[in-house]
Amino acid sequence: MAGVAQVLSFRPLTARDAALRQRNLESRTGPLSVAGKLRSSRLEMFSSVKSHSFPQTCRASGRSDQIDGYGGENSGQSSGAEVLKLAEPLLAFASSNFLPLALISGVALGLVNPSLGVIAHGYGFSKLSTFGIFLISGLTLKGGDIGAAAEAWPAGIFGLTSILCFSPFLSKFIMRLQLSPQEFITGLAIFFCMPTTLSSGVALTTLVRGNSALALAVTVISNLLGILIVPLSLSKLIAGGIGVSVPTQQLFQSLVLTLLVPLILGKVFRSSLPWVAEFVDQNRKLFSNTSAVFLSLVPWIQVSRSRPLLLMVKPAVFVVAIVLGTLVHLTLLGLNTFAVEILSFLSGHSKSFCKKENKRAVVIVSSQKTLPVMVAVVEQLGGALGEPGLLVLPCVAAHINQIIIDSFLVNFWLQKDQL
């Protein structure tokens, strides 16, 4: 029992035993501690190298909107924004000058590649453009506009008088000029005996927010009356009493189909379908630009058809004819503007002549002359007044110039309204 008691007894731990036990523990765990320290130091060094050597790779895996860690896509977006910022003035200029740019583009295309314009003429694109312009005019014609046109009947009568009676007398003075070939002078004289343009006057009046209904009324009436008055003007003022045969029935049918029918169709669609009227009113800029595109088809096709003759004529002679046609148009613009202001003063500033919408409509349509009707008349003359191609060629230039000049005048009026 005494031995067992001795085995089970607990002896207190002395300082010597504690020191010995501590040395034994360090001898067993020391190498492991060193290895652990080495492993931890290696991990720290690897993570440090990794974080310093591949910062962009880690960043690229964390964000997908950067390329190669240098923000390549962001720099591309900033450069794209700079390009758009630089293009804004050009886009604004193109938007505010859409019509003259479209007309100039049509002329340039006709000179560079006339075959396309000739093909377009063969498919009737000239009549299609006029049809489209008057269809758009009918779609944009409001009921109140018709009432405004009726109220402005004195201005309309002045416009008809200027178109059919006053401007043809300028042809008598034009015929006194001498130029070789003389057909250039004769062609311009015939041109200024014509009624107003079938489409460009209405299109420009719409662009400048003038009285488009008044412009439409003057256009339709002057062209219908012109079928009766033009033969008389040609025989008395140009042909010197020679009888001139004009295809009255053919011209009348053509005007009805290309002017009245699309105008009535557009107005019927607008009146019978409310959603059409709402869509047109919300997209007037789109319809205005579409009308300008239709208008640009006319000079494109005419220049394409006349290019072979244009290359045969001396440039200096053709430039003189262009300058002469431009001067006559500027004269008409000045005289009509002056006459409207005088009539406005004499009438006691009546609404018919006082409103700028009426003034602008009358000045534009009274100063322009139609080319398609002139071409139809020349074709029916059968060479009685000269070579048809040479008669038409300067009129093509005069027709294009009057539209371009008036388009810049329209832009001037629009900018003036914004002040």
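What percentage of the 419 residues in the protein is buried? Buried residues make up 42% of them, where buried means under 20% relative accessible area, exposed over 50% and partly exposed in between, with a 1.4 Å probe and protein chains only.

A word on the model first. It is a predicted one, in which local features need pLDDT of at least 70 and side-chain atom pairs count only at pLDDT 80 or more, while totals for chains, interfaces and linings use all residues. Residues are numbered from 1 along each chain as its sequence is written, and side-chain values use heavy atoms, with hydrogens and water left out.

**Overall fold**

The protein has 21 helices and zero strands; helices (H or I, at least four residues) and strands (E, at least two) are DSSP runs, numbered from the N terminus. Taking contacts with a separation of 6 or more, 84% join residues 24 or more positions apart, a contact being heavy atoms within 4.5 Å.

An unreviewed UniProt entry places the feature "transmembrane region" at several spans, including residues 153-175 and 187-207. UniProt positions are given here in the numbering of this model, with shortened feature names, and annotations may be inferred rather than shown by experiment. In residues 153-175, which are 87% helix, the end C-alpha atoms lie 33 Å apart. For residues 187-207 the helix share is 62%, and the end C-alpha atoms are 30 Å apart.

**The nonpolar core**

A nonpolar core is a set of buried Ala, Val, Leu, Ile, Met, Phe, Trp, Tyr and Cys residues joined through side-chain atoms within 4.5 Å. The largest one has 83 residues, and those touching the most other members include Phe184, Ile190 and Met194. Helix α21 (residues 388-418) gives this core its largest share, 14 residues. Beyond its neighbours within four places in sequence, Met194 is in contact with residues including Ile163, Val230 and Met374.

Phe184 and Ile190 are also among the buried residues of α11. Eight of the nine residues of this helix (residues 183-191) are buried, so α11 is largely enclosed by the rest of the structure. In the loop between α10 (169-174) and α11 sits Pro181, and the peptide bond from Ser180 to Pro181 is cis, with omega near 5°.

**Pocket and cavity**

On a 1 Å grid over the protein atoms alone, a cavity is a set of points where a 1.4 Å probe fits but cannot get out, and a pocket is an open set with protein on both sides within 12 Å along at least five of seven lines; lining residues have an atom within 4 Å of a point. Grid points are joined across faces, edges and corners, and a volume is the space filled by probe spheres set on the points. Ala, Val, Leu, Ile, Met, Phe, Trp, Tyr, Cys and Pro count as nonpolar, Asp, Glu, Lys and Arg as charged, and the others, Gly among them, as polar.

| Space | Volume | Lining by class |
|---|---|---|
| Largest pocket | about 910 Å³ | 13 nonpolar, 19 polar, nine charged residues |
| Largest cavity | about 60 Å³ | four nonpolar, six polar, no charged residues |

Among the 41 residues lining the largest pocket, Arg209 is one of those nearest its centre. Arg209 belongs to the loop between α12 (200-207) and α13 (212-237), has a positive phi of about 60° although it is not a glycine, and counts as exposed at 56% relative accessibility. Helix α16 (residues 284-312) provides seven residues, the largest share of the pocket lining. Ala292 lies in α16 and is buried, with a relative accessible area of 4%.
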